[in-house]
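Q: Please take a close look at how strands pair in this structure. Then place that part among its neighbours and the rest of the assembly.

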Number of protein chains: 2
Amino acid sequence: MNKRVTIKQIAIELNVSMMTVSRALNDRSNVDSRTKQRVLETAARLGYKPNYVAKSLALNKTFSIGVVFPEISHSFFPEVIKGIERVASKNEYQLILSYTAENQSREIQALQTLESKRVDGILISMAQDVDNTDHYKVLIDDGIPLTFFDRCATGLGASCVRIDDYQSALLVMKHLMGLGYEKIAHLHGPVELELGRQRLEGYKDAMKSGNLSFREEWLVESGFSEKGGYEAMNNILALRKPDMPEAVMCVNDPVAIGAMEAISLAGLKVPDDIAITGFTDDVRAKLIRVPLTTIEQPTYAIGKKAARKLLRHIASKDEEVEDIVLDTRLIVRESCGARKKSEKLSVL
Amino acid sequence: MNKRVTIKQIAIELNVSMMTVSRALNDRSNVDSRTKQRVLETAARLGYKPNYVAKSLALNKTFSIGVVFPEISHSFFPEVIKGIERVASKNEYQLILSYTAENQSREIQALQTLESKRVDGILISMAQDVDNTDHYKVLIDDGIPLTFFDRCATGLGASCVRIDDYQSALLVMKHLMGLGYEKIAHLHGPVELELGRQRLEGYKDAMKSGNLSFREEWLVESGFSEKGGYEAMNNILALRKPDMPEAVMCVNDPVAIGAMEAISLAGLKVPDDIAITGFTDDVRAKLIRVPLTTIEQPTYAIGKKAARKLLRHIASKDEEVEDIVLDTRLIVRESCGARKKSEKLSVL
DNA sequence: AAAAATAATGTTAGCGGTAACATTTTTTCT
DNA sequence: AGAAAAAATGTTACCGCTAACATTATTTTT
């Protein structure tokens with residue numbers, strides 16, 4: 001391995017100053033075009049590779065943004081990251097990814113490291129068990145642009161790109177209630193997260209507006225995983241017959257899938273015995289035995305919008321803090337019996 | 001935003017030299033314990049955050065590794081990355097991710113940027129359309145540890161973590177042939193990739209060893225996507241009846257899923273009319289209407305092993321170059337009729 | 001208690017690049 | 001042609017931190 005080529009060596013080679021070389025390499029205006037030419041040639045000949053570490057130190061800018069996310073196994077976050085990557089790479093930013101596994105301490109650790117790496121900004125989707133926002137405040141106080149996506153912290157003066165969880169929950173509930181379901185349960189996400197609260201509120205308000213009373217036992221926290229959904233559903237299934245809900249609105253698709261598994265193992269059928277709804281439109285939602293009625297989120301767009309917003313925050317300290325809310329869409333499949341009913345109708 | 005706290009400020013505050021502060025912060029042995037105590041306290045009080053950019057420049061080490069991968073939408077790579085992340089974060093390395101979208105020029109660009117960012121090493125899975133390996137050689141010549149995973153370039157003296165594609169292909173073929181299929185087609189991946197060639201060789205050798213003749217029309221390149229599988233399958237379906245294969249071995253699950261779509265749209269049934277096999281065990285494989293017989297890869301383990309190997313290369317220039325081959329397993333589901341047949345058997 | 005060994009701290013220089021200002025060269029203008 | 005303006009290049013200092021060597025303070029040894 002040859003010693004790394006530096007600007008200095010190019011300068012010596014051409015008998016000019018380092019600054020001239022630097023200017024030529026960065027395509028500044030005030031360099032003689034012939035000089036620039038010679039510099040470029042020599043750089044190529046010697047195999048010069050700029051050292052971004054040194055450049056970052058001198059410029060106090062790293063051209064990298066941190067992306068902190070809680071989960072990677074399911075389809076939502078990879079797709080969001082793809083959107084982020086698209087925008088970042090177009091703007092010559094690199095992504096430093098940190099996975100938190102839904103764990104607050106890992107999240108804190110990740111943010112500290114990213115700050116020490118002096119990333120120019122951070123995109124973050126909160127971990128499930130985050131119970132306070134001090135570690136975000138530190139970053140904001142230190143002037144590091146921070147933009148949330150999907151799972152946002154409120155009241156910190158940071159931008160956020162998300163869907164309208166409350167309205168989307170209403171959408172789902174309207175659908176269920178329109179199909180005549182009255183006893184509706186909700187496997188909800190962590191109430192520490194705004195997203196969990198909003199979907200829960202949507203559920204409650206929909207029940208209220210439909211004059212439907214609900215039992216406390218119909219509210220079970222499930223987290224966001226299949227396992228959580230499975231266990232939460234088993235709590236529901238353990239209820240006495242008269243207390244058993246006819247439909248269950250799940251906080252997301254993995255939970256819904258876990259719940260369906262529990263229902264199936266209990267010898268019951270979806271949607272005949274219990275209707276199920278999801279949220280997210282996981283790749284699996286349309287493929288499972290009973291395709292899942294769910295909310296479609298503009299996943300890729302969330303990533304792109306979030307990245308764009310962050311880049312604007314990076315470009316200007318005065319960029320306005322925004323709460324960007326993207327539209328969702330209800331996808332009706334078979335897990336609530338709607339399709340079947342309409343099929344029946346068409347047969348009539 | 002307060003000005004950033006540096007070692008210098010701590011040094012002035014305590015009236016010691018910067019070196020003493022540096023040593024204390026890095027927990028070196030030869031610092032008076034009381035001094036160390038005072039430094040740590042002051043650092044905490046002032047809100048000192050180490051600047052890794054400066055540290056990296058001084059030490060010529062960035063504690064970050066680049067991960068270059070071609071696809072993120074399906075489940076394979078996210079799972080591998082999860083494995084990589086696990087090992088990296090345990091060793092206090094950060095991941096800089098670069099997504100190439102199966103595109104060689106993006107791959108080249110990504111590698112250049114990573115080199116300029118002076119990552120300590122790079123993990124890479126080749127893009128589909130890579131047709132030469134010069135850009136890898138540059139890195140290797142520059143002494144940057146490079147380890148391939150899943151899709152490896154051979155003959156470059158770089159370590160590689162992968163499965164045995166040839167043997168796995170044989171496994172699939174043996175299964176099909178054991179079920180009595182003789183007219184077997186293969187939707188193959190790009191032959192530029194070792195992986196594509198190996199699976200293709202496995203197919204050919206299996207046919208040969210079974211004394212089965214095959215037509216050239218049964219070999220169709222499909223790439224790695226659903227769309228590619230769909231289109232390639234349509235080529236097969238356009239064959240005259242007597243030339244039609246009874247089974248199709250697909251290079252991976254997305255291709256198999258695309259192929260099944262094409263078959264279904266052609267009004268045919270899997271496995272009754274045509275049997276299908278996949279490769280990868282995508283999350284969807286067991287969920288689709290006709291669950292897919294496929295090869296299970298130790299995805300997470302590939303990530304972990306690759307990361308460990310790379311870290312060892314980083315730690316020592318003398319680390320032996322290895323070709324690490326992990327075991328796979330055939331998962332028999334219903335897309336070849338095997339399950340059904342055995343069910344029939346049990347009824348008898 | 002003086003010499004030797006050890007521990008603690010300090011000094012200098014450099015990692016590779018760039019901003020800001022200074023100087024020299026070239027061009028433009030009257 | 002000489003002054004002024006513009007263009008090209010050079011010099012100095014610094015970004016924040018650490019290695020390597022130098023020095024000073026402390027402890028150990030006989």
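A: Two strands count as paired if DSSP finds at least two bridges between them. The model discussed here is predicted.

In β8(A), Met249(A) is the bridge partner of His186(A). The two strands concerned are β6 (residues 184-188) and β8 (residues 247-250) of chain A, which run parallel and are joined by four bridges. Helix α8 (residues 165-178) of chain A packs on the sheet, where it touches β6, β8 and β9 of chain A. The direction of α8 makes about 165° with that of β8(A). A further helix of chain A, α9 (residues 194-209), lies across β6, β7 and β8 and runs at about 170° to β6(A).

The sheet itself has four strands in chain A, in the order β7-β6-β8-β9; it is open, and the pairing is parallel. At its edges are β7 (219-221) and β9 (275-277) of chain A, each of which pairs on one side only. On average, and with direction ignored, neighbouring strands of this sheet are turned by 20° against each other.

Chain B has its own open sheet, again of four strands with parallel pairing, in the order β7-β6-β8-β9. β7 (219-221) and β9 (275-277) of chain B have a single partner strand each, so one side of either strand is without a neighbour in the sheet.

Strand β6 (residues 184-188) of chain B and β7(B) run parallel and are joined by three bridges. Within β7(B), Val220(B) is the bridge partner of Leu187(B). Helix α10 (residues 226-237) of chain B lies across β6, β7 and β8 (247-250) of that chain, at about 145° to β6(B). Helix α11 (residues 253-265) of chain B also packs on the sheet; it touches β6, β8 and β9 of chain B, and its direction makes about 160° with that of β9(B).

The two chains are related as follows.

Chain A is divided into three parts: domain 1 (7-50), domain 2 (62-163 + 298-326) and domain 3 (165-297 + 331-347). Between the C-alpha centres of domain 1 and domain 3 of chain A the distance is 64 Å.

DNA strand C is surrounded by 26 residues, and the closest are Ser22(A), Tyr48(A), Ser17(B), Met19(B) and Thr35(B). Sugar or phosphate accounts for 62% of the atoms of DNA strand C within 4 Å of the protein, and bases for the rest. The side chain of Ser22(A) places an N or O atom 2.3 Å from a phosphate oxygen of DNA strand C. Asn26(A) has a polar side-chain atom 2.9 Å from a phosphate oxygen of this DNA strand. A base oxygen of DNA strand C lies 3.4 Å from a backbone N or O atom of Ala58(B). Two or more residues of the surface near DNA strand C come from each of α2 (18-25) and α4 (52-59) of chain A and α2 (18-25) and α4 (52-59) of chain B. The element that gives the most is α4(A), with four residues.

Around DNA strand D there are 26 residues, of which the closest are Ser17(A), Thr35(A), Ile7(B), Ser22(B) and Tyr48(B). Of the atoms of DNA strand D within 4 Å of the protein, sugar or phosphate makes up 61%, and bases the rest. Asp32(A) has a backbone N or O atom 3.0 Å from a phosphate oxygen of DNA strand D. For Thr35(A), a side-chain N or O atom is 2.6 Å from a phosphate oxygen of DNA strand D. A polar backbone atom of Ile7(B) is 2.7 Å from a phosphate oxygen of DNA strand D. At least two residues of the surface near DNA strand D are supplied by each of α2 and α4 of chain A and α2 and α4 of chain B. Here α4(B) provides the largest share, four residues.

Key:
Residues are numbered from 1 along each chain as its sequence is written. Chains are lettered from A and ligands numbered from 1 in the order in which they are written. This is a predicted model: local features need pLDDT of at least 70, side-chain atom pairs count only at pLDDT 80 or more; totals for chains, interfaces and linings use all residues. Side-chain values use heavy atoms; hydrogens and water are left out. Domain bounds come from an automatic or database domain assignment. Axes are lines fitted to C-alpha atoms, for helices over the stretch in contact, and angles run from 0 to 180 degrees between N-to-C directions. Contact means heavy atoms within 4.5 Å. A residue is near a molecule or strand if one of its heavy atoms lies within 4 Å of it. A polar contact is a pair of N or O atoms within 3.5 Å; within protein, one must be able to donate a hydrogen and the other to accept it, and residues adjacent in sequence count only if both atoms are side-chain atoms.
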